[in-house]
Amino acid sequence: MSDNKGTLIVISGPSGVGKGTVVGMLLKRLKDAVLSVSCTTRAPREGEKEGKSYFFISKATFLKMIDENGFLEYSNHFENYYGTPRFFVEQKLAEGKTVILEIDVDGAQHIREEFPDALLLMITPPSREELVRRLKLRGTEDEAVIAKRLERADYEMSRSQFYDYTIINDDLDKTVETIIKIVENRRKGIK
Ligand code: 5GP
(Lines give C-alpha, C1' and ligand atoms only; values in the text may rest on other atoms or scores of the structure.)
Protein backbone atom coordinates (compact mmCIF):
# COMPACT_ATOMS: atom_id res chain seq x y z
CA MET A 1 0.00 0.00 0.00
CA SER A 2 1.44 3.40 -0.88
CA ASP A 3 2.10 6.05 1.80
CA ASN A 4 -0.78 8.32 0.91
CA LYS A 5 -3.37 5.57 1.14
CA GLY A 6 -5.03 4.11 4.19
CA THR A 7 -4.54 0.85 6.00
CA LEU A 8 -6.95 -2.00 5.67
CA ILE A 9 -7.29 -4.22 8.75
CA VAL A 10 -9.22 -7.45 8.73
CA ILE A 11 -10.28 -8.93 12.05
CA SER A 12 -11.59 -12.48 12.13
CA GLY A 13 -12.25 -15.03 14.80
CA PRO A 14 -14.98 -17.38 15.91
CA SER A 15 -18.33 -16.14 17.20
CA GLY A 16 -18.13 -15.45 20.91
CA VAL A 17 -14.41 -14.63 20.95
CA GLY A 18 -15.06 -10.99 21.75
CA LYS A 19 -14.26 -9.47 18.34
CA GLY A 20 -16.98 -6.85 18.65
CA THR A 21 -15.65 -5.58 21.98
CA VAL A 22 -12.06 -5.54 20.69
CA VAL A 23 -13.10 -3.62 17.57
CA GLY A 24 -15.06 -1.10 19.65
CA MET A 25 -11.98 -0.42 21.77
CA LEU A 26 -9.72 -0.16 18.70
CA LEU A 27 -12.03 2.42 17.14
CA LYS A 28 -11.68 4.58 20.25
CA ARG A 29 -7.90 4.21 20.41
CA LEU A 30 -6.77 4.30 16.77
CA LYS A 31 -6.72 7.71 15.20
CA ASP A 32 -8.45 7.81 11.83
CA ALA A 33 -9.93 4.33 12.19
CA VAL A 34 -13.39 3.63 10.82
CA LEU A 35 -15.45 0.46 10.83
CA SER A 36 -16.98 -0.95 7.68
CA VAL A 37 -20.58 -1.90 8.45
CA SER A 38 -21.47 -5.12 6.63
CA CYS A 39 -24.73 -6.10 4.99
CA THR A 40 -26.41 -9.29 6.12
CA THR A 41 -29.56 -11.23 5.34
CA ARG A 42 -29.77 -12.66 8.87
CA ALA A 43 -32.33 -11.31 11.34
CA PRO A 44 -31.14 -8.74 13.88
CA ARG A 45 -30.32 -10.05 17.36
CA GLU A 46 -31.68 -8.25 20.37
CA GLY A 47 -29.95 -4.92 20.80
CA GLU A 48 -28.48 -4.79 17.29
CA LYS A 49 -29.03 -1.54 15.45
CA GLU A 50 -29.64 -1.04 11.75
CA GLY A 51 -26.67 0.70 10.13
CA LYS A 52 -24.52 0.23 13.21
CA SER A 53 -24.25 -3.52 13.76
CA TYR A 54 -25.17 -4.34 10.18
CA PHE A 55 -27.33 -3.19 7.34
CA PHE A 56 -30.08 -5.80 7.57
CA ILE A 57 -31.27 -6.40 4.01
CA SER A 58 -33.37 -8.98 2.16
CA LYS A 59 -31.85 -11.80 0.15
CA ALA A 60 -33.22 -10.21 -3.06
CA THR A 61 -31.47 -6.92 -2.28
CA PHE A 62 -28.26 -8.76 -1.40
CA LEU A 63 -28.29 -10.68 -4.69
CA LYS A 64 -28.92 -7.45 -6.59
CA MET A 65 -25.91 -5.86 -4.89
CA ILE A 66 -23.75 -8.86 -5.90
CA ASP A 67 -24.87 -8.38 -9.51
CA GLU A 68 -23.99 -4.70 -9.36
CA ASN A 69 -20.49 -5.45 -8.00
CA GLY A 70 -21.50 -3.67 -4.80
CA PHE A 71 -19.46 -5.91 -2.51
CA LEU A 72 -15.72 -6.02 -1.96
CA GLU A 73 -16.26 -9.56 -0.75
CA TYR A 74 -19.14 -11.63 0.54
CA SER A 75 -19.73 -15.07 1.92
CA ASN A 76 -22.59 -17.31 2.80
CA HIS A 77 -22.79 -19.29 5.99
CA PHE A 78 -25.35 -20.22 8.64
CA GLU A 79 -27.70 -20.00 5.62
CA ASN A 80 -27.24 -16.26 5.47
CA TYR A 81 -25.26 -13.88 3.34
CA TYR A 82 -22.71 -11.43 4.76
CA GLY A 83 -20.92 -8.83 2.64
CA THR A 84 -18.65 -5.78 2.78
CA PRO A 85 -20.07 -2.82 0.83
CA ARG A 86 -17.39 -1.75 -1.65
CA PHE A 87 -17.97 2.00 -1.89
CA PHE A 88 -17.39 2.92 1.77
CA VAL A 89 -14.13 0.99 2.07
CA GLU A 90 -12.65 2.30 -1.18
CA GLN A 91 -13.61 5.87 -0.32
CA LYS A 92 -12.13 5.75 3.20
CA LEU A 93 -8.90 4.12 2.02
CA ALA A 94 -8.54 6.83 -0.62
CA GLU A 95 -8.91 9.39 2.20
CA GLY A 96 -6.02 7.72 4.00
CA LYS A 97 -8.10 6.24 6.82
CA THR A 98 -7.59 2.99 8.66
CA VAL A 99 -10.53 0.79 7.73
CA ILE A 100 -11.47 -2.15 9.94
CA LEU A 101 -13.37 -5.11 8.53
CA GLU A 102 -14.81 -7.65 10.95
CA ILE A 103 -15.36 -10.57 8.61
CA ASP A 104 -14.97 -14.34 8.38
CA VAL A 105 -12.02 -16.36 7.04
CA ASP A 106 -13.49 -16.81 3.55
CA GLY A 107 -14.02 -13.08 3.22
CA ALA A 108 -10.50 -12.44 4.52
CA GLN A 109 -9.08 -14.63 1.79
CA HIS A 110 -10.83 -12.55 -0.88
CA ILE A 111 -9.54 -9.36 0.69
CA ARG A 112 -5.99 -10.76 0.68
CA GLU A 113 -6.29 -11.35 -3.08
CA GLU A 114 -7.56 -7.86 -3.82
CA PHE A 115 -5.49 -6.02 -1.18
CA PRO A 116 -2.19 -7.91 -0.70
CA ASP A 117 -1.02 -5.37 1.90
CA ALA A 118 -4.08 -5.70 4.13
CA LEU A 119 -3.25 -6.59 7.72
CA LEU A 120 -5.02 -9.84 8.61
CA LEU A 121 -5.58 -10.47 12.32
CA MET A 122 -7.14 -13.59 13.81
CA ILE A 123 -8.47 -13.45 17.37
CA THR A 124 -8.80 -16.79 19.14
CA PRO A 125 -10.12 -17.79 22.57
CA PRO A 126 -7.72 -19.09 25.26
CA SER A 127 -9.30 -22.53 24.78
CA ARG A 128 -12.22 -24.24 23.07
CA GLU A 129 -13.88 -24.75 26.49
CA GLU A 130 -13.75 -21.02 27.07
CA LEU A 131 -15.38 -20.41 23.70
CA VAL A 132 -18.23 -22.78 24.58
CA ARG A 133 -18.68 -20.96 27.88
CA ARG A 134 -18.76 -17.53 26.21
CA LEU A 135 -21.21 -18.64 23.52
CA LYS A 136 -23.58 -20.04 26.15
CA LEU A 137 -23.19 -16.95 28.30
CA ARG A 138 -24.29 -14.75 25.42
CA GLY A 139 -27.60 -16.61 25.60
CA THR A 140 -28.96 -15.20 22.37
CA GLU A 141 -29.09 -18.54 20.57
CA ASP A 142 -30.41 -22.02 21.16
CA GLU A 143 -28.31 -25.20 21.51
CA ALA A 144 -28.55 -26.17 17.83
CA VAL A 145 -27.32 -22.75 16.71
CA ILE A 146 -24.49 -22.86 19.27
CA ALA A 147 -23.42 -26.29 17.96
CA LYS A 148 -23.33 -24.90 14.43
CA ARG A 149 -21.29 -21.91 15.56
CA LEU A 150 -18.80 -24.20 17.30
CA GLU A 151 -18.36 -26.26 14.17
CA ARG A 152 -17.77 -23.07 12.27
CA ALA A 153 -15.35 -21.86 14.98
CA ASP A 154 -13.21 -24.97 14.50
CA TYR A 155 -13.09 -24.26 10.77
CA GLU A 156 -12.21 -20.59 11.33
CA MET A 157 -9.40 -21.40 13.78
CA SER A 158 -8.00 -24.06 11.46
CA ARG A 159 -7.31 -21.26 8.97
CA SER A 160 -5.30 -19.04 11.33
CA GLN A 161 -1.95 -19.81 9.66
CA PHE A 162 -3.21 -17.81 6.71
CA TYR A 163 -3.30 -14.62 8.85
CA ASP A 164 -0.46 -12.18 9.59
CA TYR A 165 -0.98 -12.51 13.35
CA THR A 166 -3.03 -14.65 15.70
CA ILE A 167 -3.87 -13.00 19.00
CA ILE A 168 -5.21 -15.02 21.92
CA ASN A 169 -7.91 -12.98 23.63
CA ASP A 170 -7.16 -13.92 27.21
CA ASP A 171 -7.15 -10.39 28.59
CA LEU A 172 -9.10 -7.73 26.67
CA ASP A 173 -6.77 -4.80 27.44
CA LYS A 174 -3.69 -6.80 26.49
CA THR A 175 -5.32 -7.93 23.25
CA VAL A 176 -6.08 -4.34 22.30
CA GLU A 177 -2.55 -3.15 23.21
CA THR A 178 -1.04 -5.94 21.11
CA ILE A 179 -3.15 -5.02 18.09
CA ILE A 180 -2.36 -1.33 18.43
CA LYS A 181 1.37 -2.11 18.44
CA ILE A 182 0.99 -4.29 15.35
CA VAL A 183 -0.94 -1.54 13.54
CA GLU A 184 1.54 1.17 14.55
CA ASN A 185 4.44 -0.95 13.31
CA ARG A 186 2.63 -1.54 10.05
CA ARG A 187 2.09 2.21 9.63
CA LYS A 188 5.82 2.75 10.22
CA GLY A 189 6.51 0.15 7.56
CA ILE A 190 7.77 -2.50 9.98
CA LYS A 191 6.46 -5.94 9.01
P1 5GP B 1 -22.68 -12.93 13.27
O2 5GP B 1 -23.90 -13.56 12.67
O3 5GP B 1 -22.24 -13.60 14.55
O4 5GP B 1 -22.82 -11.43 13.42
O5 5GP B 1 -21.49 -13.11 12.24
C6 5GP B 1 -21.18 -14.38 11.76
C7 5GP B 1 -19.87 -14.32 11.01
O8 5GP B 1 -19.97 -13.51 9.84
C9 5GP B 1 -18.71 -13.74 11.82
O10 5GP B 1 -17.57 -14.56 11.65
C11 5GP B 1 -18.50 -12.39 11.19
O12 5GP B 1 -17.16 -11.94 11.33
C13 5GP B 1 -18.82 -12.70 9.75
N14 5GP B 1 -19.12 -11.51 8.96
C15 5GP B 1 -19.74 -10.37 9.36
N16 5GP B 1 -19.79 -9.50 8.35
C17 5GP B 1 -19.18 -10.08 7.29
C18 5GP B 1 -18.89 -9.65 5.96
O19 5GP B 1 -19.20 -8.54 5.53
N20 5GP B 1 -18.25 -10.52 5.16
C21 5GP B 1 -17.88 -11.77 5.58
N22 5GP B 1 -17.23 -12.54 4.72
N23 5GP B 1 -18.12 -12.20 6.83
C24 5GP B 1 -18.77 -11.36 7.68
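Predicted model: local features only at pLDDT ≥ 70, side-chain atom pairs only at ≥ 80, totals over all residues.
A polar contact is a pair of N or O atoms within 3.5 Å.

A nitrogen atom of the ligand lies 2.7 Å from an N or O atom in the side chain of Asp 104. For Arg 45, a polar side-chain atom is found 2.8 Å from an oxygen atom of the ligand. The side chain of His 77 also takes part, with an N or O atom placed 3.5 Å from an oxygen atom of the ligand. On its own, the ligand has 510 Å² of accessible area, and the protein covers 95% of that area.

The view may now be widened to the residues around the ligand. There are 17 of these residues, and those that come nearest are Ser 38, Arg 42, Tyr 54, Tyr 82 and Asp 104. Sorted by class, this shell holds three nonpolar, seven polar and seven charged residues. Two elements give two or more residues to the shell, namely strand 5 (71-77) and strand 6 (80-85).

Where does the ligand sit? Its place is in the largest pocket. The largest pocket has a volume of about 1100 Å³. Its lining consists of 42 residues, and Gly 20, Arg 45, Glu 48, Tyr 54 and Glu 102 are the ones that lie nearest the centre of the pocket. By class, the lining comprises 11 nonpolar, 16 polar and 15 charged residues.

Several elements build this lining. At least two residues each are supplied by helix 1 (19-29), strand 5, strand 6, helix 5 (128-138) and helix 6 (143-157). Which helix provides the largest share of the lining? Helix 1 does, with six residues.

A last example concerns contacts within the protein. Arg 112 belongs to helix 4, which spans residues 105-114. The side chain of Arg 112 reaches the backbone oxygen of Ala 118 at 2.8 Å. A polar atom of the side chain of Arg 112 also lies 3.2 Å from the backbone oxygen of Pro 116.

Key: Residues numbered from 1 in each chain as written. Heavy atoms only, no water. Near = heavy atom within 4 Å. Polar contact = N/O pair within 3.5 Å; in protein donor to acceptor, adjacent residues only side chain to side chain. Areas by Shrake-Rupley, 256 points an atom, 1.4 Å probe, with all protein chains shown as cover. 1 Å grid on protein atoms, 1.4 Å probe; cavity = no way out; pocket = protein on both sides within 12 Å on 5 of 7 lines; lining within 4 Å. Sits in = over half its atoms within 2 Å of the grid points. Helix = DSSP H or I, 4+ residues; strand = E, 2+ residues; numbered from the N terminus. Nonpolar A, V, L, I, M, F, W, Y, C, P; charged D, E, K, R; others polar. Points joined across faces, edges and corners; volume = space filled by probe spheres on them.
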